[in-house]
Amino acid sequence: MIDKINTIKQEIKTFIINNEEDLEAFRLEFLSRNGKIQKMFGLMGSVPNEQKARVGKAMNEVKNIAQSVFDEAKTSLESDSKKVFGALDDITLPVEPAYTGSYHPLTQALDEIKQIFLRLGFNIADGPELEDDFHNFTALNFPPDHPARDMQDTFFVRKSDDPDIDDLVLRTHTSPVQIRLMKEQQPPVRSIMPGRVFRNEAVTAKSYFQFNQVEGLYVDKNVTLGELIETLVMFARLMYGSDVKYRVRPSFFPFTEPSLEMDIWWESDKGGQWLEILGAGMVDPNVFKAVDVDPETYTGFAFGMGVDRIAMLRYGIDDIRLLYDNDIRFLQQFKS
Ligand code: PHE
């Protein structure tokens with residue numbers, strides 16, 4: 001009897017289960033009602049009493065082995081079928097392309113602007129979006145109560161009647177970073193200062209209540225207007241190609257003298273037009289005085305360019321609001 005049990009045990013251990021059919025064959029052979037194990041238990045009656053305990057134990061052991069072989073094979077077949085190709089009938093079918101993101105057009109334009117000025121020997125600085133009146137206006141030579149302060153519709157965060165407490169504003173331009181930089185660092189200074197600015201303007205295709213600027217400041221001995229214009233023209237050529245059509249015309253800012261603006265010619269389906277991309281000028285001596293730089297020793301130029309305008313021109317975007325809607329159909333067109 002014990003020999004018979006050992007034979008079954010051997011058969012169980014050598015049975016090969018590779019697939020569902022094998023598994024079912026194993027079950028029929030050993031575990032089913034007509035299987036070898038049930039039959040084996042059926043022979044118990046003919047076992048002499050004194051051997052019953054030993055034989056019974058051996059039979060139970062074989063039964064347990066058969067059950068665990070079956071359970072293990074079953075689990076392993078089930079997990080196999082879940083593996084990569086399990087659910088696929090045809091592994092040559094094209095896969096669904098993985099979605100990849102892209103840089104926002106403003107980020108791409110800003111990166112290009114940074115690259116150009118890094119090449120020209122500028123470094124990058126930044127300052128806070130929440131400014132005090134001193135940095136945003138006073139130090140930049142906006143006289144108190146001068147209408148020039150209304151030139152840029154300001155979001156006031158704190159307006160105070162107490163002359164000792166400065167108003168707080170969302171910066172209306174990146175020019176206050178010039179002040180912060182020159183207070184920290186004696187000339188020479190040659191930096192660009194990118195950042196977000198805010199103006200309380202009606203939202204239209206051409207204007208928004210927030211946009212981005214890159215401020216530039218170059219202060220040293222003998223910096224000239226010619227160098228300013230040369231730098232801006234170089235920028236326009238590197239940004240838009242050497243055949244870019246540009247013009248430079250006189251303008252006014254309280255913090256530069258003389259002041260100018262640069263326009264780029266933009267052709268679209270609706271015809272061509274000049275678009276202003278930046279304001280610039282020679283740093284006003286009053287600005288130098290506000291930051292303790294000697295205007296007799298140093299001169300400098302500054303510029304402030306609109307990143308949104310530059311991106312719109314660069315990529316042919318005709319509505320600034322598209323830059324802030326974050327519509328994926330729009331953004332996906334700027335994969336590089
Ligand atoms: N801050 C000005 C503006 O926002 C631009 C500017 C910067 C002009 C630096 C001259 C010099 O319109």
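Is asparagine 222 buried or exposed? Asparagine 222 is exposed, at 65% relative accessibility, where exposed stands for over 50% relative accessible area, buried for under 20% and partly exposed for anything in between (1.4 Å probe, protein chains only).

A quick note before the close-ups: this is a predicted model, so local features need pLDDT of at least 70 and side-chain atom pairs count only at pLDDT 80 or more, while totals for chains, interfaces and linings use all residues. Residues are numbered from 1 along each chain as its sequence is written, and side-chain values use heavy atoms, with hydrogens and water left out.

**View A. Two non-glycine residues with positive phi.** Here's asparagine 222 again, with a phi of about 60° even though it is not a glycine. Look for asparagine 222 in the loop between β6 (210-220) and α9 (225-240); helices here are DSSP runs of H or I with at least four residues, strands are runs of E with at least two, and both are numbered from the N terminus. Aspartate 292, not a glycine either, also has a positive phi of about 60°. Its loop runs between α10 (285-290) and β10 (299-306). Aspartate 292 is exposed because its relative accessible area is 65%.

View B. Proline 187 is joined to proline 188 by a cis peptide bond, with omega about 5°. You'll find proline 188 in the loop between α8 (176-184) and β5 (189-198). The other cis bond runs from glutamate 257 to proline 258, and its omega is near -5°. This time the proline sits in a strand: proline 258 is part of β8 (residues 256-268).

**View C. The buried side of things in α8.** Which residues of α8 are buried? They are Pro176, Val177, Gln178, Ile179, Leu181 and Met182. Those buried residues pack against β2 (130-132), α6 (133-136), β5, β6, α10 and β10. As a reminder for reading any such view, an α-helix has 3.6 residues a turn, so residues three or four places apart point the same way.

**View D. Arginine 309 and its contacts.** Arginine 309 belongs to helix α11 (residues 307-315). With a relative accessible area of 26%, arginine 309 counts as partly exposed. Leaving aside residues up to four places away in sequence, arginine 309 touches Lys206, Leu275 and Glu276, a contact being heavy atoms within 4.5 Å.
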